[in-house]
Amino acid sequence: TKDEFGDFDFRFEWRVAEKANSGVIWRVQETEEQTYMTGPEYQVLDDLGAKPNRKHGAGSLYDLVPNGEPKLRSAGEWNEGRIVIQKGRVQHWLNGSLAVDAPCEGPEWEAMVAASKFRSWPFGRAKSGRIALQDHGDEVMFRSLRIKQL
């Protein structure tokens, strides 16, 4: 995004080809080579084809919080995603089901990051930032992107 967002409600639709991988990365800072080095990720993935662990599944807070096994549509079908960040918490929604509800600031957040592969990066420290759509070279489509500052 051109603008930066702190607390927000971001709604979008996405679909992927079979085994495709992508994501929506939030609170991104433009200080590092890659967006994922600073911003947490809402995972966009064909779980049915890729068969990931739940911390890497669609709607998860990638590599930090599993997805709670929400109802995912098959590759090629449109899914509804939603990210809500408010008062130090993040929620990821997938097709109307709550997939993640976790802190995104404070001591519990810091402990999760410290125990992850992101610990040596400036990951997840910003209170606001840009939103990025991730590209791994797979066939991925987004539409109906809407954001509201909270």
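# A walk through the predicted model

Let us start with E13, which sits in strand β1, covering residues 8–16; strands here are DSSP runs of E with at least two residues, helices are runs of H or I with at least four, and both are numbered from the N terminus. Before going further, please keep in mind that this is a predicted model, in which local features need pLDDT of at least 70 and side-chain atom pairs count only at pLDDT 80 or more, while totals for chains, interfaces and linings use all residues. Residues are numbered from 1 along each chain as its sequence is written, and side-chain values use heavy atoms, with hydrogens and water left out.

E13 counts as buried because its relative accessibility is 18% (buried means under 20% relative accessible area, exposed over 50%, and partly exposed in between, with a 1.4 Å probe and protein chains only). Its side chain makes a polar contact with the side chain of S144 at 3.3 Å. A polar contact is a pair of N or O atoms within 3.5 Å; within protein, one must be able to donate a hydrogen and the other to accept it, and residues adjacent in sequence count only if both atoms are side-chain atoms. Setting aside neighbours within four places in sequence, E13 is in contact (heavy atoms within 4.5 Å) with W78, N79, E80, M141, F142, R143 and S144.

Now to the charged pairs. The structure holds eight salt bridges, each being a side-chain nitrogen of Lys or Arg within 4 Å of a carboxyl oxygen of Asp or Glu. One of them joins the side chains of D7 and R27, at 3.4 Å from N to O. D7 belongs to the segment before β1 and R27 to strand β2 (residues 21–28), so this pair ties together parts that are 20 residues apart in sequence. With 22% relative accessibility, D7 counts as partly exposed, whereas R27 is buried, with a relative accessible area of 3%.

R27 also forms a salt bridge with E105, where the closest N and O atoms are 3.0 Å apart. Because R27 lies in strand β2 and E105 in the loop between β6 (97–103) and α2 (106–114), this pair ties together parts that are 78 residues apart in sequence. E105 is partly exposed, its relative accessible area being 23%.

Another salt bridge brings together the side chains of R89 and D101, at 3.2 Å from N to O. It links distant parts of the chain, with R89 in strand β5 (residues 89–94) and D101 in strand β6, 12 residues apart. R89 counts as partly exposed at 35% relative accessibility, and D101 counts as partly exposed at 39%. Elsewhere, salt bridges that share partners join D7, R27, E105 and K127 into one network.

What about empty space? Rolling a probe the size of a water molecule over the atoms shows where empty space is left. A search of the whole structure finds one cavity of 30 Å³ or more. On a 1 Å grid over the protein atoms alone, a cavity is a set of points where a 1.4 Å probe fits but cannot get out, and a pocket is an open set with protein on both sides within 12 Å along at least five of seven lines; lining residues have an atom within 4 Å of a point. Grid points are joined across faces, edges and corners, and a volume is the space filled by probe spheres set on the points.

The largest cavity has a volume of about 30 Å³. R27 turns up again in its lining, along with W26, T38, P40, C104, W109, G124, R125 and A126. That lining divides into five nonpolar, two polar and two charged residues, where Ala, Val, Leu, Ile, Met, Phe, Trp, Tyr, Cys and Pro count as nonpolar, Asp, Glu, Lys and Arg as charged, and the others, Gly among them, as polar.

The largest pocket has a volume of about 160 Å³. Of the 13 residues that line this pocket, Y36, E41, Y62, K117 and Q134 are the closest to its centre. Its lining divides into six nonpolar, five polar and two charged residues.

Our last stop is the loop between α1 (47–50) and β4 (79–86), which holds E69. E69 counts as exposed, at 58% relative accessibility. N67 is also placed in the loop between α1 and β4, but N67 is buried, with a relative accessible area of 4%. The side chain of N67 reaches the backbone oxygen of A58 at 3.1 Å.
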